[in-house]
Amino acid sequence: MAKKKVLRSKLSRRDFLKGVGAVGVAASSVYAPFNIISRVRAQDSELSILQWSHFVPQYDEWFDPWAQAWGEENGVQVTVDHVNLAEIPAAATSEIAAGEGHDLIEFLTPPSAFEPNVVDLADVNAMATEMFGERVDLTRRSTYNPTTDKFYGFCHSWVPDPGNYRRSLWEQVGLPDGPTNWAELLEGGAQIKDELGVQMGIGMSNELDSNMANRALL
């Protein structure tokens, strides 16, 4: 990824939150904290954002023009770059080591390892509470370090990751609402495969969804 000069917005983080508050409500259905990497500098009016290439392409097609339009309305030149989800941590690490890169980086999971290198977002988190009310405690604990009393990110959304079952298949093995424990999952899944020819799918690879599925089973 090509390196760029660190871009810093002349807007305060509070002012920026006013403009992007809708992102937390409508932009993403996955757990995703925002992190600001660089320090705010008053004389600049540019903002660069790094986020993953969304698994729903239409989201990027909506977000990028929206961010640029927001920038035009507020006198800020906004650029948005995308990389694969798995490349976000490495990209952030490289930019921090080089001392240059994006102002705002979106992660899927809490980026606590980057706490020493990011701006404390206590003011953004406080304003979000003022604007929208008390948050789900999970989102606060995911971006707050009580030892250092620092908000190393802002979590604008979260979502559970449930298992999905085809009722039409499980009804035929006597479990219309799907399995409720491991034994039912194992026995019912085997019966569906033997009698209906449909194999149950549980990811076993070293990737995000498989890891979540196996943690849920454990």
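Arginine 141, at 53% relative accessibility, counts as exposed, where exposed means over 50% relative accessible area, buried under 20%, and partly exposed in between, for a 1.4 Å probe and protein chains only. The model is predicted, and local features need pLDDT of at least 70, side-chain atom pairs count only at pLDDT 80 or more, and totals for chains, interfaces and linings use all residues. Residues are numbered from 1 along each chain as its sequence is written, and side-chain values use heavy atoms, with hydrogens and water left out.

The side chain of arginine 141 meets that of aspartate 137 in a salt bridge, at 2.8 Å from N to O; the term stands for a side-chain nitrogen of Lys or Arg within 4 Å of a carboxyl oxygen of Asp or Glu. Aspartate 137 is partly exposed, at 43% relative accessibility. Because the two residues are four apart in helix H5 (residues 137-141), aspartate 137 and arginine 141 are separated by about one helical turn. Helices (H or I, at least four residues) and strands (E, at least two) are DSSP runs, numbered from the N terminus. An α-helix has 3.6 residues a turn, so residues three or four places apart point the same way.

By this rule the model has two salt bridges, and the side chains of aspartate 177 and arginine 167 also meet in one, at 2.9 Å from N to O. Arginine 167 belongs to helix H6 (167-170), while aspartate 177 lies in the loop between H6 and helix H7 (182-196), so this pair ties together parts that are 10 residues apart in sequence. Aspartate 177 is exposed, with a relative accessibility of 60%, and arginine 167 is partly exposed, at 49%.

A charge can also sit over a ring, which requires NZ of Lys or CZ of Arg within 6 Å of the ring centre and within 35 degrees of the ring normal. Here the charged end of arginine 140 sits over the ring of tyrosine 144, 4.4 Å from its centre.

Rings of Phe, Tyr and Trp (its six-membered ring) pair if their centres lie within 6.5 Å, and planes under 30 degrees apart count as stacked, over 60 as edge-to-face and the rest as tilted. The count of aromatic pairs comes to eight. One of them is the stacked pair of tryptophan 62 and tryptophan 66, with 5.6 Å from centre to centre and 25° between the planes. Since these two are four residues apart in helix H2 (residues 57-74), tryptophan 62 and tryptophan 66 are separated by about one helical turn. Tryptophan 62 is partly exposed at 38% relative accessibility, and tryptophan 66 is partly exposed at 24%. The rings of phenylalanine 107 and phenylalanine 114, in turn, have centres 5.4 Å apart and planes at 40°, so that pair is tilted. Phenylalanine 107 is buried, at 4% relative accessibility, and phenylalanine 114 is buried at 12%. Ring pairs also link Tyr59, Trp62, Phe63 and Trp66 into a cluster.

Just after H4, glycine 133 takes a positive phi of about 95°. The C-alpha atom of valine 124 is separated by 9.1 Å from that of phenylalanine 151, 27 residues apart along the chain. Phenylalanine 151 lies in strand S6 (residues 150-151) and is buried, with a relative accessible area of 11%.
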